[in-house]
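Please find below a colleague's note on the structure shown here.

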Amino acid sequence: MIYVFLADGFEEIEALATIDVLRRAELDVTTVGVGGCRAVCGAHDIVVKADAVDTEVMYDDVEAVVLPGGALGTLNLEKSPVVQGFIDHAMSVDALVAAICAAPSILGHKGLLKGKEAICFPGFEQQLEGAALSEQSVATDGNIITAKGAGVAVDFGLAIVAYFKGEGRSEILRKSLQCP
């Protein structure tokens, strides 16, 4: 299961475009409301109904943890013990951890980016402690995918698809979405 954690203040494009791409690729995705909230309010006042709340999800089936950014959303993700636990568990079992925009800073603060190629929203680079900053908009290094921001949310989703289903499936989906 791919868990996409939604905390109040999340960047809507980064979350919804990613979820849409993953579901088009027929990957199992569950959106998770952080802080026990099923209705989560994004950075631009768009309320999204999560599939589950954080107290309902379990570690045993985690294949990926996806963290959308947004300044406030990232802060709320980082202070959540449930999100922190899922990141730790995912890393311990070599599951994918993917973060976009400001959210890669969470991984940097945990020391997970040391020696890894990573990217984030401009201005957060110093938060990617020990990372080799990528020139790419989306960077994949082992079981970690990071991305720059909302404008590359579809590419971020496609990188996750490539991780699970291969570059060929990702390219077919890219073309079907009319992406350059």
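1. Buried means under 20% relative accessible area, exposed over 50%, and partly exposed in between, with a 1.4 Å probe and protein chains only. At 5% relative accessibility, Tyr 3 therefore counts as buried. Phe 5 is likewise buried, with a relative accessible area of 0%.

2. This is a predicted model, in which local features need pLDDT of at least 70 and side-chain atom pairs count only at pLDDT 80 or more, while totals for chains, interfaces and linings use all residues. Residues are numbered from 1 along each chain as its sequence is written, and side-chain values use heavy atoms, with hydrogens and water left out.

3. Rings of Phe, Tyr and Trp (its six-membered ring) pair if their centres lie within 6.5 Å; planes under 30 degrees apart count as stacked, over 60 as edge-to-face and the rest as tilted. In one of them, Tyr 3 and Phe 5, the ring centres are 6.4 Å apart and the planes lie at 45°, so the pair is tilted. Tyr 163 and Phe 164 form an edge-to-face pair, with 5.1 Å from centre to centre and 80° between the planes. Tyr 163 is partly exposed at 33% relative accessibility, as is Phe 164 at 27%. One aromatic cluster is formed by Tyr 3, Phe 5, Tyr 59 and Phe 86.

4. Helices (H or I, at least four residues) and strands (E, at least two) are DSSP runs, numbered from the N terminus. The axes of helix H1 (residues 12-24) and helix H5 (residues 153-165) come within 8 Å and cross at roughly 40°; axes are lines fitted to C-alpha atoms, for helices over the stretch in contact, and angles run from 0 to 180 degrees between N-to-C directions. H1 and H5 are therefore oblique to each other, given that angles under 35 degrees count as roughly parallel, over 145 as roughly antiparallel, 65 to 115 as roughly perpendicular and the rest as oblique. The contact (heavy atoms within 4.5 Å) involves residues including Ile 13, Ala 17 and Val 21 of H1 and Phe 156, Gly 157 and Ile 160 of H5.

5. Which residue in the loop between strand S7 (96-100) and helix H4 (104-109) deserves a remark? Cys 101 lies there, and has a positive phi of about 70° although it is not a glycine. Cys 101 is buried, at 9% relative accessibility.

6. Gln 178, in the segment after helix H6 (167-176), also is not a glycine and has a positive phi of about 65°. Gln 178 is exposed, with a relative accessible area of 65%.
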